[in-house]
Amino acid sequence: MTERIAFTLMGLLLIHRVSGCPRECACNPKAKTVDCRDKGLYDIPRNLQVDTRELYLQNNRIRGLSSMAFRETPLLKILDLANNSISSMSASTFQGLHGLLVLNLANNSIREIDKRLFSPIKTLSELNLSYNHISSLPGTLADSVNNLTWLSVRHNRLQRLDRTLLVSLTKLQVLFFHNNPWKCDCQVIGLKLWLETFIFKGGTTDDIKCAQPENLREKDLRKIPYEMFQTCPWTNYNYLFANIHHLESDHQIPRLHSPSDRGSESLPECEPKQKPRPVNLRHAIATVVITGVVCGIVCLMMLAAAIYGCAYAAIMAKYQRDLKKVEQVAEAREPGRPEEKEPLDGSLA
């Protein structure tokens, strides 16, 4: 009996060792998922099964991710690290995760993204960096995650986002910007143009409200007219408008060009303007209608003034003539005038 119990315990221990499920976590061997949420963990659990596909580590106390932190689970597809206290990550943290599809790093204390951080995970399609303290994204980010279709950078400290980075994310379909201290100066024109072409192609995004300058505070960048950037240098502003006018003339041909279609890399920067062309046309039509109405009212007022002036002049002329006649009659009837006495003197003689 004792031997049977010992054998059973050894079997259970062996099964536990083979299954590779940490005691703090709940594992589903069939689905190949490991759920370690809300366990107060300070580090990535060990003894994970090598074929684990999904690892959930939300709502723990993890503060840092060391080099090759997930070397025991190279087949991961989904990794969720949201709601921890992560502030530091090694450049090789995700080394070995060649098939990762979804990575959630939301609601941590991340301040900087190393340009090499996502290099090992070329397959990444969803990346959540929201609710952190990130002030910039590396310009080479797209080289690592050019398969991204979904990206969130909400609630960070971003003031600018390089247009060249966004253009390189050719498969992106969803991008969330909300609640960043965006600086809407001359350098934001490229981002505005990219947003317009992104929306034109069917992309999904949220509002991108300006924090600076003061006159644009709380304004949505997507709705700010280009005329607001008139103070920008001619290299940005005049060239921009030259291309916008060119695009406006072709508004019946909704065609987008890739960078390879143009000899100059800067030309596509203005082509996203094609998306809001219906809005511009509506604005132009509304302006023409309003101008016509105002001009019509002014013309009517001028006509009324002319008629009034003519009528007044005619009345005054008639009044003057009548007044002159009255004066002549009065003068003729006035007694003691020489003209009246001469005939009288002649008769007496």
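Mentor: Let us start with a single residue, keeping in mind that this is a predicted model. Cys36 is buried, because its relative accessible area is 0%, and a residue counts as buried when that value is under 20%.

Trainee: Which residue forms a disulfide with Cys36?

Mentor: The general idea is that a disulfide is a covalent bond between the sulfur atoms of two cysteines. Here Cys36 is paired with Cys25, and their sulfur atoms are 1.9 Å apart. Because Cys25 sits in the loop between α1 (2-19) and β1 while Cys36 sits in the loop between β2 and β3, the pair ties together parts that are 11 residues apart in sequence. Cys25 is buried as well, with a relative accessibility of 11%.

Trainee: How many disulfides are found in the whole structure, and where does the pair of Cys184 and Cys210 lie?

Mentor: A search of the whole structure finds 3 disulfides. In one of them, Cys184 and Cys210 bring their sulfur atoms to 1.9 Å from each other. This pair links distant parts of the chain, since Cys184 is in the loop between β11 (182-183) and α4, whereas Cys210 is in strand β13 (residues 210-212), 26 residues apart. Cys184 is buried at 3% relative accessible area, and Cys210 is buried at 1%.

Trainee: What does the torsion about the S-S bond tell us for Cys184 and Cys210?

Mentor: The torsion gives the handedness of the bond: for Cys184 and Cys210 it is about -90°, so that disulfide is left-handed. For Cys25 and Cys36 the torsion is about 105°, so their disulfide is right-handed. The disulfide of Cys21 and Cys27, with sulfur atoms 1.8 Å apart, has a torsion of about 90° and is therefore right-handed.

Trainee: How should I read a salt bridge, and which residue is joined to Asp51 in one?

Mentor: The idea is to look for a side-chain nitrogen of Lys or Arg within 4 Å of a carboxyl oxygen of Asp or Glu. Asp51 makes such a bridge with Lys32, where the closest N and O atoms are 3.3 Å apart. The two are 19 residues apart, Asp51 in the loop between β2 (33-35) and β3 (54-56) and Lys32 in the loop between β1 (26-28) and β2, and the pair links distant parts of the chain. Another bridge joins Glu196 and Lys192, at 3.6 Å from N to O; because these residues are 4 apart in helix α4 (residues 189-200), they are separated by about one helical turn. Are these two buried or exposed? Both Glu196 and Lys192 are buried.

Note on methods:
Residues are numbered from 1 along each chain as its sequence is written. This is a predicted model: local features need pLDDT of at least 70, side-chain atom pairs count only at pLDDT 80 or more; totals for chains, interfaces and linings use all residues. Side-chain values use heavy atoms; hydrogens and water are left out. Buried means under 20% relative accessible area, exposed over 50%, partly exposed in between (1.4 Å probe, protein chains only). A disulfide is a pair of cysteine sulfur atoms within 2.5 Å.
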